[in-house]
Amino acid sequence: VIVGDTHGQLEDVLWIFFKYGWPSEQNRYLFNGDIVDRGGHAVEILLLLFAIKRDCPESLEILRGNHEDTNCTIHYGFKMELEAKFAEHLSAVWNVCTTSVFPLLPIAAVCTDVLNGYRIAVVHGGIPVDLP
């Protein structure tokens, strides 16, 4: 299942899991970037996806979109979400996200359909400005 641009909409992510099944080794997900900004629950989505990845590493992958970028997160709301939720620890949480989490997300993936024998390359339509 390829999921794109959740933009902090936790309810949408939960609905997708309800409709298409919980991530597992047999039911794999690819989140194609833009997890953060605009909606108010990007932190919860990131934590949920990272917890699933920790518990079942083969069940999902997360790509970096143009919103997993320092400039975009300042302009489109993710930093404000962090300020509202982590006021006392903002600099630490912000630093982890912008220097440790986002830069480590891959920008592309190859998905293989083993039943039909084809592969597709997946890249988010927007590339982060601050790629190293």
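**View 1. Strands β1 and β2 run parallel and are joined by two bridges.** Strand β2 covers residues 29–32, and within it F31 is the bridge partner of V3. Strands pair here when DSSP finds at least two bridges between them. Helices (H or I, at least four residues) and strands (E, at least two) are DSSP runs, numbered from the N terminus. Before we go on, please note that this is a predicted model, in which local features need pLDDT of at least 70 and side-chain atom pairs count only at pLDDT 80 or more, while totals for chains, interfaces and linings use all residues. Residues are numbered from 1 along each chain as its sequence is written, and side-chain values use heavy atoms, with hydrogens and water left out.

**View 2. An open sheet of three strands has the order β1-β2-β3, with parallel pairing.** Strands β1 (2–3) and β3 (60–63) are the edge strands, each pairing on one side only. Helix α1 (residues 10–20) packs on the sheet and touches β1 and β2; its direction makes about 155° with that of β2. Helix α2 (residues 42–55) also packs on the sheet, touching β2 and β3, and its direction makes about 135° with that of β3. A contact means heavy atoms within 4.5 Å. The axes are lines fitted to C-alpha atoms, for helices over the stretch in contact, and angles run from 0 to 180 degrees between N-to-C directions.

**View 3. The largest nonpolar core holds 25 residues.** Such a core is a set of buried Ala, Val, Leu, Ile, Met, Phe, Trp, Tyr and Cys residues joined through side-chain atoms within 4.5 Å. Buried means under 20% relative accessible area, exposed over 50%, and partly exposed in between (1.4 Å probe, protein chains only). The members that touch the most others are F31, I35, L49, F78 and F102. At least two residues each come from α1, β2, α2, β3, α4 (78–85) and α5 (90–101), and α2 gives the most, with six residues. In soluble globular proteins, nonpolar side chains tend to be buried together.

**View 4. F102 touches V36, L46, R64, E68, D69, T73, F78 and C97.** That list leaves out residues up to four places away in sequence. E68 counts as buried because its relative accessibility is 0%. From E68 to I52 the separation is 16 residues in sequence and 19 Å in space, C-alpha to C-alpha.

**View 5. F17, W22, Y29 and F31 form one aromatic cluster.** A pair of aromatic rings is described by the distance of the centres and the angle of the planes. Rings of Phe, Tyr and Trp (its six-membered ring) pair if their centres lie within 6.5 Å; planes under 30 degrees apart count as stacked, over 60 as edge-to-face and the rest as tilted. The count comes to five aromatic pairs by this rule. One of them, F17 with Y29, is edge-to-face, at 5.1 Å centre to centre and 85° between the planes. This pair links distant parts of the chain, with F17 in helix α1 and Y29 in strand β2, twelve residues apart. The rings of Y29 and F31 have centres 6.0 Å apart and planes at 20°, so this pair is stacked. F17 is buried at 5% relative accessibility, Y29 is buried at 2%, and F31 is buried with a relative accessible area of 1%.

**View 6. Two charged ends sit over aromatic rings: R38 over Y76 and K79 over W94.** A charge sits over a ring if NZ of Lys or CZ of Arg is within 6 Å of the ring centre and within 35 degrees of the ring normal. The charged end of R38 is 5.5 Å from the ring centre of Y76. For K79 and W94, the distance is 4.9 Å.

**View 7. Strands β4 (residues 108–113) and β5 (residues 118–123) pair in the antiparallel sense over six bridges.** C111 has I120 in β5 as its bridge partner. The hairpin has four residues between the strands, and G117 takes a positive phi near 75°.

View 8. Most residues other than glycine have a negative phi, and most peptide bonds are trans.
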